[in-house]
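Trainee: I should like to work through this structure with you, step by step. Could we begin with the overall fold and then turn to individual residues?

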Amino acid sequence: MYNHILLAADGSDHAFRAGKQAAQLAKASGGKVDVVYVVDGETSKADNLNHSYQYVLEKKEEKS
């Protein structure tokens, strides 16, 4: 029935439920699921800045 399912996910409860449904459909038909993680621009920017800042802190701790 379904050979290939593309699932857009954003970390929400709705996306989680959609993922469970996609997995069931793929398993029943021997297909596969590809997941694309989707966030808005502001969230992406904030995540990158926070991650980069954390990386810098870890490197400073390693030097100490």
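This is a predicted model: local features need pLDDT of at least 70, side-chain atom pairs count only at pLDDT 80 or more; totals for chains, interfaces and linings use all residues.

Trainee: What share of the residues in the chain is buried?

Mentor: A residue is called buried when its relative accessible area is under 20%. The chain has 64 residues, and the share that is buried comes to 9%.

Trainee: How far apart are the end C-alpha atoms of helix H1, and what span should its residues give?

Mentor: Helix H1 covers residues 13-29, which makes 17 residues. At 1.5 Å a residue, the helix should therefore span 24 Å. This agrees with the distance between its end C-alpha atoms, which is 25 Å.

Trainee: Which residues of H1 are buried, and why do they lie on the same side of the helix?

Mentor: The buried residues in H1 are Ala 15, Ala 22 and Ala 26. They lie on the same side of H1 because the arc they cover around the axis is only 30°.

Trainee: Which strands do the buried residues of H1 pack against, and which exposed residues does the face turned away from the buried side carry?

Mentor: The packing partners of the buried residues of H1 are strand S1 (4-9) and strand S2 (32-37). On the face turned away from the buried side of H1, the exposed residues are Asp 13, Phe 16, Lys 27 and Ala 28.

Trainee: Is Leu 7 buried or exposed, and which residues does it touch?

Mentor: Leu 7 is found in strand S1. Its relative accessibility is 12%, so Leu 7 counts as buried. Leu 7 and Ala 22 are 15 residues apart in sequence, and their C-alpha atoms are 7.5 Å apart in space. Leaving aside residues up to four places away in sequence, Leu 7 touches Ala 18, Gly 19, Val 33, Asp 34, Val 35 and Val 36.

Trainee: Is Leu 6 buried or exposed, and what accessible area does its nonpolar patch have?

Mentor: Leu 6 is also found in strand S1. Because its relative accessibility is 62%, Leu 6 counts as exposed. Together with Val 36 and Val 38, Leu 6 forms a nonpolar patch on the surface, whose accessible area is about 260 Å².

How values were computed
Residues are numbered from 1 along each chain as its sequence is written. Side-chain values use heavy atoms; hydrogens and water are left out. Helices (H or I, at least four residues) and strands (E, at least two) are DSSP runs, numbered from the N terminus. The expected span of a helix is 1.5 Å times one less than its number of residues. Buried means under 20% relative accessible area, exposed over 50%, partly exposed in between (1.4 Å probe, protein chains only). The arc is that of the directions from the helix axis to the C-beta atoms. Contact means heavy atoms within 4.5 Å. Patches are made of residues with over 30% relative accessible area and no salt bridge: like charges are joined within 9 Å, nonpolar side chains (Val, Leu, Ile, Met, Phe, Trp, Tyr) within 5 Å. Accessible areas come from the Shrake-Rupley method with a 1.4 Å probe; for residues, only the protein chains shown count as cover. A salt bridge is a side-chain nitrogen of Lys or Arg within 4 Å of a carboxyl oxygen of Asp or Glu.
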